[in-house]
Amino acid sequence: MSTPHSKTKDVADLAIVGGGAAGLAAAICAGEAVPQPGVGNIVVLDGARSIGAKVLVSGGGRCNVTHDVVTPADYFGNRRIIKNVLASFPVERTVAWFASMGVALKREETGKLFPVTDKARTVLKALMDRCRQLDIGIRPDHRVTAIDRIGESGFVLRHSHGVLHATKVILATGGRSVPKSGSDGSGFELARRLGHHVTATVPALVPLVIDDRLFHGSLSGLSQEVELTTTVEGKVVDVRAGSLLWTHFGLSGPVVMDASRFWTLATQRGESVHVHGNFLPGLNQEQARAWLLEHMREHPRRSLANTLANRLPQRFVDAVLRHFGCDSQTSMGQVSRNTRDTVLGALTRFEFPIVRDRGWNYAEVTAGGIPLEEIDYRTMESKLVPGLYLIGEMLDCDGRIGGFNFQWAWTTGRLAGRAGGSVVARRMPPGDRQGCGED
């Protein structure tokens with residue numbers, strides 16, 4: 001299946017740059033668009049020595065393939081375009097597509113869909129096996145360094161082992177997250193040289209590091225529900241509730257990962273950004289005050305710490321009271337107004353002293369990229385460079401945690417693969433086409 005390393009020129013009908021989730025989906029759908037396997041020349045060039053490293057590490061090594069309900073509201077970017085892209089490949093067809101490759105998926109309580117084997121390698125093996133069946137040329141360790149358009153005849157791709165001439169090209173190099181997997185942002189420069197714009201890119205779905213003078217170290221490993229509010233230049237830009245995970249470096253967990261893009265984007269722009277936590281989600285400050293006063297009346301002898309621990313984790317209660325200098329053993333009947341206000345502020349509007357995000361090595365996805373307005377959402381073909389397709393994480397679209405970014409990868413890969421594969425099919429004798437992910 002793989003082509004030996006060579007310094008000679010070769011020719012392909014379709015070259016796919018990047019062998020991650022989107023690239024492999026594109027390769028399969030392109031291969032299935034031709035009348036029969038092996039007809040036409042479709043190749044995947046990837047800079048890494050092994051294909052699919054990012055798939056293997058996703059979802060804690062289990063690969064969160066998609067989500068049971070996917071809507072444009074689960075993504076950030078031009079939602080009108082996102083809606084049209086997603087409509088082309090609904091979740092049920094995605095599930096059927098994986099089933100056709102021998103990968104059964106299961107739904108977890110969160111709505112996330114994983115392979116029943118709980119192994120990401122199951123997903124990668126299925127994708128690679130399907131490429132093999134379709135005679136797709138997979139070329140690892142072929143880093144593409146330049147792409148030039150040659151009039152109407154196609155493209156010349158320069159890579160670490162020579163030169164490739166291709167009629168059409170699909171760029172699927174990923175963003176900048178987990179650069180050791182190969183998605184180091186180099187694809188953005190390839191697109192930029194071909195005439196595309198690239199918006200500012202920042203880590204998204206990334207843990208946040210907080211000032212080491214806070215008490216997070218003593219809470220490492222503790223998970224609790226919280227409502228996070230992010231303000232930029234004094235304006236609320238995001239409010240969301242979910243599970244927060246305290247770590248030795250700061251904050252993680254789904255709600256933090258989802259909110260992180262707003263902090264990283266604002267910081268990149270040099271704007272003032274603050275993230276506050278309400279550890280009594282569902283209660284505003286006045287409702288929390290009423291709750292506390294009720295306990296003061298009904299249980300005046302109960303200690304402040306025990307009262308709060310009825311609703312919050314004991315470790316968290318002890319750490320917060322200690323941090324704000326409140327005596328945890330004070331009976332509720334003896335709690336002063338000043339202490340009460342301090343506790344209420346700490347529990348309903350706690351400002352996290354964030355100093356930085358944890359960086360690209362720990363980010364699950366990239367926010368920013370090539371504007372969706374520069375592609376045709378029906379085919380993912382560039383509006384600026386005919387014959388060039390742009391898919392996956394390269395585009396200015398990022399989803400929340402839960403399988404949404406993989407759904408974007410499969411969907412954009414399918415659209416580009418079917419369109420790119422059509423150039424091969426048109427030159428071949430008529431025949432039955434298999435159709436990627438068709439009903």
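Analyst: A charge sits over a ring if NZ of Lys or CZ of Arg is within 6 Å of the ring centre and within 35 degrees of the ring normal. This is a predicted model, in which local features need pLDDT of at least 70 and side-chain atom pairs count only at pLDDT 80 or more, while totals for chains, interfaces and linings use all residues. Residues are numbered from 1 along each chain as its sequence is written, and side-chain values use heavy atoms, leaving out hydrogens and water.

User: Which ring does the charged end of arginine 311 sit over?

Analyst: The ring of tryptophan 291, at 5.6 Å from its centre. Likewise, arginine 149 has its charged end over the ring of phenylalanine 155, 5.0 Å from the centre.

User: What describes a pair of aromatic rings?

Analyst: The distance of the centres and the angle of the planes. Rings of Phe, Tyr and Trp (its six-membered ring) pair if their centres lie within 6.5 Å; planes under 30 degrees apart count as stacked, over 60 as edge-to-face and the rest as tilted. The structure holds 18 such aromatic pairs. In one of them, phenylalanine 89 and tryptophan 97 have ring centres 6.1 Å apart and planes at 70 degrees, so this pair is edge-to-face.

User: Are phenylalanine 89 and tryptophan 97 buried or exposed?

Analyst: Buried means under 20% relative accessible area, exposed over 50%, and partly exposed in between (1.4 Å probe, protein chains only). Phenylalanine 89 is buried at 1%, and tryptophan 97 is buried at 3%.

User: Which residues do ring pairs link into a cluster?

Analyst: Phe215, Trp246, Phe279, Phe316, Phe324, Phe350 and Phe352.
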